[in-house]
Amino acid sequence: MTEVFSAGVLVYRHGADGIEVLLGHLGGPLWAKKDASAWSIPKGEYVPEEESARVAAAREFTEELGLPVPEGEWTALGEVRYGSGSRRKTVTAWAVEGDLDPADVVPGTFEMEWPPRSGRRAEFPEIDRAAWFDPATALDKLGKGQRPFLTRLTELIG
């Protein structure tokens, strides 16, 4: 079984109607026409023997959004494990209060074969857009494996 480790940062802010969280819509052709469960906390993979989860979370946030993590206290949201078969994923996340303008996001890119089995490689943005959502909306937007982080955040800050 392959175990993959990932770390991320869930940025939140206090709005007029309560808290809002910043999510990124997954980039690339596989997610282009999807909305529900197609958004993510800015996060990415790391190798625990090579860097800490917190260092990886900050690095991945910057790689995905092209912006540094906002200055502020990092609140641990713990780990979530998911996956099946031969691939399991452990995600570690933190919450940081801050305010970023989604228009300032300059996403990193990744390369993949596209169209499938064509032998051609194409480059796509890691995320194709970022947006702020209230917790109820964010719950629908996030993939099921990341939803516990949102629940933990709302319980922590009310």
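I began with helix α1 and found A53, A56, A57, E60, F61, E64 and L65 buried; buried means under 20% relative accessible area, exposed over 50%, and partly exposed in between, with a 1.4 Å probe and protein chains only. Seen down the axis of α1, these buried residues fall within an arc of 135°, so they line one face of the helix; the arc is that of the directions from the helix axis to the C-beta atoms. In general, an α-helix has 3.6 residues a turn, so residues three or four places apart point the same way.

I noted that this is a predicted model, in which local features need pLDDT of at least 70 and side-chain atom pairs count only at pLDDT 80 or more, while totals for chains, interfaces and linings use all residues. Residues are numbered from 1 along each chain as its sequence is written, and side-chain values use heavy atoms, without hydrogens and water.

I checked the length of α1 (residues 53-65): at 1.5 Å a residue its 13 residues should span 18 Å, and its end C-alpha atoms are 18 Å apart, which agrees. The expected span is 1.5 Å times one less than the number of residues. Helices (H or I, at least four residues) and strands (E, at least two) are DSSP runs, numbered from the N terminus.

I looked up what covers the buried residues of α1 and found, among others, β1 (2-15), β5 (74-84) and β6 (87-97). Just after α1, G66 takes a positive phi of about 70°.

I then turned to K141, in helix α2 (residues 135-141). K141 is buried, at 12% relative accessible area.

Methods:
Contact = heavy atoms within 4.5 Å.
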